[in-house]
Amino acid sequence: MPSTSGPTRDLPFSASGRSAVEPFIAMEVLASAVEREAAGHRVVRMEVGQPGASAPTPVLEAAHAALRGKLGYTEALGIRPLREAIAAHYGRTYGIELSPDRIAVTAGSSGAFSLAFLAAFDAGARVAVPTPGYPAYRNLLGALGLQVAEIETTAATRWTLTPDMIRAAHAREPLAGVLVASPANPTGTMYSPESLKALVETCDELGLWFISDEIYHGLVFSGQQSTALAFSPRAIVINSFSKYYCMTGWRIGWMVMPEVLVKPIDRLAQNLYLSNNEISQRAAVAAFDQRSTVELDAVKASYAANRAHLLARLPEIGFDELLPVDGAFYVYASVRRFSNDSVEFARRMLMEAGVAATPGPDFDSARGSGYIRFSFAGSEADIVEAVERIGGWLK
Ligand SMILES: Cc1ncc(COP(=O)(O)O)c(C=O)c1O
């Protein structure tokens, strides 16, 4: 019998350099939280950005109905009824008329990022992302052989990129694109329609692709959300059913493609994964039903209560710097008053206070050790309990 576990030390098998991406610390905190729970400890879970609620009833009903039929491959860019429903959503929500031909249905927004990066950029191209920011952007760009230009944001610009920052980065070393989320993870910051317009127009003028991550649209608590699509037909707009629609596990999202990228993205999708799974596509059509909206707006109201509670209570227990929480469901808070090492702070908070949260280095390798991210997508009772636990622990 050939051995499957013999020494491989001298053999030329090793993982590619491109796969040497950073781990996602949030997932490591999640593993520790699950371990604590399995050992019988109570843990309030605020580490992952995942809605506590399940998908709305019409989505579940549509999934049941889909199961009674035949499920197969679909068109690589998605089933027509879903592409039409998404296009209609742009009409209703933003007053933008959009051809369903410009919609690609993807495996969450994550699936859209790999397609967009491959379609828009050649290997070695430089793409700007703000920090703090969502870690998978830089890790995926790196794995695909693209260069990442991290641009630090600060309170001076409400943690957003400005046209001047883009121009300066492009002058230092030419960029090929800029990727921005609004509302953003972990900062919660949202660009005003005017500031988003200025950014998109600057990219258009400089000939840079603008990729707009709009995954937290629908979860806006202060200010007015706007889509980059309103400001340029060349913007690549990415969205998902994961957050507002409470469908993380269904792995379904979408992208609005500029005309010139429709065929390239279709070809890439055909070759990368043939098609998205049909059951999620059939179910997602029902996410736009009026009955779904009623349920989802109730979930959003509970996030609003959680947000208000955290914004009032976290400063009272000693968190003296909180970033804006215009939208999404995160509070990014400074821990510098308590520690210069947020990884250690988060570890102790989990073990001693029974609250799991994600330390900042996931989002900002240079400054993240001074910050921690709390997700408030859980229940109102959990959020109240978490603050009491942390407050008691910090006393
Ligand atoms: C800013 C941002 N973009 C994209 C994603 C990926 O989400 P999904 O692939 O579930 O659509 C996340 C997940 O947390 C996120 O926070």
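Six aromatic residues, Phe24, Phe113, Phe117, Phe121, Tyr134 and Tyr137, are tied into a cluster by ring pairs. Keep in mind that you're looking at a predicted model. Across the whole structure, a search turns up 25 aromatic pairs. The chain itself splits into domain 1 (17–54 + 292–394) and domain 2 (67–287), and a nonpolar core of 85 residues, the largest one, lies between them, because both domains give residues to it.

**Aromatic pairs**

- Tyr216 and Tyr330 make an edge-to-face pair, with 5.6 Å from centre to centre and 85° between the planes.
- That pair bridges distant parts of the chain, since its two members are 114 residues apart: Tyr216 sits in the loop between β6 (209–213) and β7, while Tyr330 belongs to strand β9 (residues 330–334).
- Tyr216 counts as buried because its relative accessibility is 4%, and Tyr330 is buried too, with a relative accessible area of 1%.
- Tyr244 and Tyr245 also pair edge-to-face, at 4.9 Å centre to centre and with 85° between the planes.
- Tyr244 and Tyr245 are both buried.

**The two domains**

- On the contact side, 38 residues of domain 1 meet 37 residues of domain 2.
- Interface size is often given as the accessible area lost when the parts come together.
- Here, domain 1 and domain 2 bury about 3,100 Å² between them, and 55% of that is on carbon and sulfur atoms.

**Nonpolar cores**

- In soluble globular proteins, nonpolar side chains tend to be buried together.
- Inside the largest core, the residues with the most contacts are Val178, Phe241, Met247, Met349 and Phe374.
- Helix α3 (residues 80–94) supplies the largest share of this core, with six residues.
- Apart from this core there's another, made of 29 residues, including Ala116, Phe121, Ala181 and Ala269.
- Not counting residues up to four places away in sequence, Met349 touches Gly354, Val355, Ala357, Ile372, Phe374, Ile390 and Trp393.

**Helix α3**

- The buried residues in α3 are Leu82, Arg83, Ala85, Ile86, Ala87, His89, Tyr90 and Tyr94.
- An α-helix has 3.6 residues a turn, so residues three or four places apart point the same way.
- The packing partners of the buried residues of α3 are β2 (103–106), β7 (236–240), β8 (253–256) and α9 (278–285).
- Just past the end of α3, Gly95 takes a positive phi of about 70°.

**A buried serine**

- Ser232 is found in the loop between β6 and β7.
- Ser232 counts as buried because its relative accessibility is 2%.
- Leaving aside neighbours within four places in sequence, Ser232 is in contact with Val200 and Asp204.

Note on methods. Residues numbered from 1 in each chain as written. Predicted model: local features only at pLDDT ≥ 70, side-chain atom pairs only at ≥ 80, totals over all residues. Heavy atoms only, no water. Core = buried A, V, L, I, M, F, W, Y, C linked by side-chain atoms within 4.5 Å. Buried < 20%, exposed > 50% of the residue type's maximum accessible area, 1.4 Å probe, protein only. Helix = DSSP H or I, 4+ residues; strand = E, 2+ residues; numbered from the N terminus. Domains from an automatic or database assignment. Contact = heavy atoms within 4.5 Å. Phe/Tyr/Trp six-rings, centres within 6.5 Å; stacked < 30°, edge-to-face > 60°. Buried area = accessible area lost by both parts, 1.4 Å probe.
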